[in-house]
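Have the structure open as you go.

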Amino acid sequence: MKVFAFSKALYSTWIYLEPMRLLLDAGEGINFFLEGRMLAFRDLAITHAHTDHFTGLQNIIITRLREQEVTGEPIPPLHIYYPADSHTLVRYFQYLEDVLSKWPELVVLQPMEPGDTVQLQGARNLHMTAIKANHRVYRQTALSYRVEQKRYALKPELEGKPQAEINKIVAEQGREAVTEPVMRTLVYYSGDGKPALDALSRRASLHIQETTFLEAHAKADHAGLPEAISLFRELEAEQLLLFHLSSRYTMREFWTTLDNLVPDPIERERIKAVKPGSMFVYDFTIPGF
Ligand SMILES: [Zn+2]
Ligand SMILES: [Zn+2]
């Protein structure tokens, strides 16, 4: 799964999961890097109302509006998910509605409470659930998100049975008689905040984790690198993408600290990081994507 990202603590964060057509946060400057790719977005999950996570939205919508006017073809509306109690985001959306002529046609707003699940637009059977994050935002909720795909697996009681017997049941009663839906966690996205274990995100294919500091700070509202690595291990996720690094550190300091925390080369190979100030592009291994 090709992932494009930009992230620098305090300034801007956005992460685009291209095959899912899902954008995670919409920080400043996204139009500069992604240009026409922004037309393919189908879903945008905003984690919280700090400006480094949402002020790129206006340019996304302007690009889509302009394309629609040039081609005369309607673009499917962008579904925007955001914390339901965020009056900051609601006011920002009201401002966009005031200044952009076709706002109601271009977006579908979907407020999210922790625990809410929605079906995403960009791929089949893709579901996203909001999780409460541990981050202070002017007394508004901050969210993390879990992306899962519903798949159909052979019912456990039929495992090990001869294929001919299974085929006979399918022929007589249909495929539903031999399979049952299972949810597989593909992505866990932390957003900003102190690391918190979401048990349902265990064994996620990709854990996207904020890491602002090189060391843990008890009073800080963000994760330090040791906490981020601990959570990755606790989650037993397959791959880890670190973002939201503070530019107070050099990348050399960051890589040295990471190498010390993760001495095993096989585990270390599964960890990538978004370098502050440049666009990150990487193709992660995600089943089906
Ligand atoms: Zn932030
Ligand atoms: Zn924040």
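Q: What makes the meeting of the E267 and R233 side chains a salt bridge?
A: Bear in mind that this is a predicted model. The N to O distance for E267 and R233 is 2.9 Å, and the cut-off is 4 Å between a side-chain nitrogen of Lys or Arg and a carboxyl oxygen of Asp or Glu. So the pair counts as a salt bridge. The two ends come from distant parts of the chain: E267 sits in helix α8 (residues 265-269) and R233 in helix α6, 34 residues apart.

Q: Why is E267 called buried, and why is R233 called partly exposed?
A: E267 has a relative accessible area of 12%, and buried means under 20%. R233 has 40%, which falls between the 20% and 50% limits, so R233 is partly exposed.

Q: How many salt bridges does the rule give?
A: The count comes to twelve. One of them joins D221 and R136, with N and O 3.7 Å apart, which is within the 4 Å limit. D221 lies in the loop between β11 and α6, R136 in the loop between β8 and β9 (143-154), and 85 residues separate the two.

Q: Is D221 buried or exposed, and what about R136, buried or exposed?
A: D221 is at 17% relative accessibility, so it counts as buried. R136 is at 57%, and exposed means over 50%, so R136 counts as exposed.

Q: What makes R203 and E236 a salt bridge?
A: Their closest N and O atoms are 3.1 Å apart, again within 4 Å. R203 is in the loop between β10 and β11 and E236 in the loop between α6 and β12, 33 residues apart. R203 counts as exposed because its relative accessibility is 53%, while E236 is partly exposed at 39%.

Q: Which residues donate to the zinc ion (ligand 1)?
A: The protein donors are D52 (OD), H53 (NE2), D192 (OD) and H244 (NE2), at 2.1 to 2.3 Å. Those distances pass the donor cut-off of 2.8 Å. Along the chain the spacing reads D-H-x138-D-x51-H. H53 is in the loop between β4 (43-45) and α2 (57-71), H244 in the loop between β12 (239-243) and α7 (251-261), 191 residues apart. Both H53 and H244 are buried.

Q: Why is the site of the zinc ion (ligand 1) called irregular?
A: The angles among its four donor atoms run from 88 to 163 degrees.

Q: What makes the arrangement around the zinc ion (ligand 2) irregular?
A: Its four donor atoms subtend angles of 90 to 164 degrees, which makes the arrangement irregular. The donors are H48 (NE2), H50 (ND1), H135 (NE2) and D192 (OD), at 2.2 to 2.4 Å, and their spacing in sequence is H-x1-H-x84-H-x56-D. H48 counts as buried because its relative accessibility is 0%, and H50 counts as buried at 17%.

Q: Which residue bridges the zinc ion (ligand 1) and the zinc ion (ligand 2)?
A: D192 does, and the ions lie 3.5 Å apart.

Q: How do you know that strand β11 (residues 206-210) is largely enclosed?
A: Five of its five residues are buried, so β11 is largely enclosed by the rest of the structure. L206, I208 and E210 point one way and H207 and Q209 the other.

Q: What makes β10 (residues 179-189) a partner of β11, and which other strand pairs with β11 over five bridges?
A: Pairing needs at least two bridges, and three join β10 to β11, which run parallel. Y189 has I208 as its bridge partner in β11. β12 also pairs with β11, in the parallel sense over five bridges, with L206 opposite Q239. β11, helix α6 (residues 225-235) and β12 make a right-handed β-α-β unit.

Q: Why does A123 count as buried?
A: Its relative accessible area is 17%, and the limit is under 20%. A123 is in the loop between β7 (117-119) and β8 (126-132). C-alpha to C-alpha, A123 and P19 are 7.8 Å apart in space, though 104 residues apart in sequence.

Definitions and conventions
Residues numbered from 1 in each chain as written. Chains lettered and ligands numbered in written order. Predicted model: local features only at pLDDT ≥ 70, side-chain atom pairs only at ≥ 80, totals over all residues. Heavy atoms only, no water. Donors = N, O, S within 2.8 Å, 3.2 Å for Na, K, Ca; no water. Tetrahedral: all angles 85-135°; square planar, octahedral: opposite > 155°, others 65-115°. Helix = DSSP H or I, 4+ residues; strand = E, 2+ residues; numbered from the N terminus. Buried < 20%, exposed > 50% of the residue type's maximum accessible area, 1.4 Å probe, protein only. Right-handed = clockwise from strand over helix to strand, strands pointing away.
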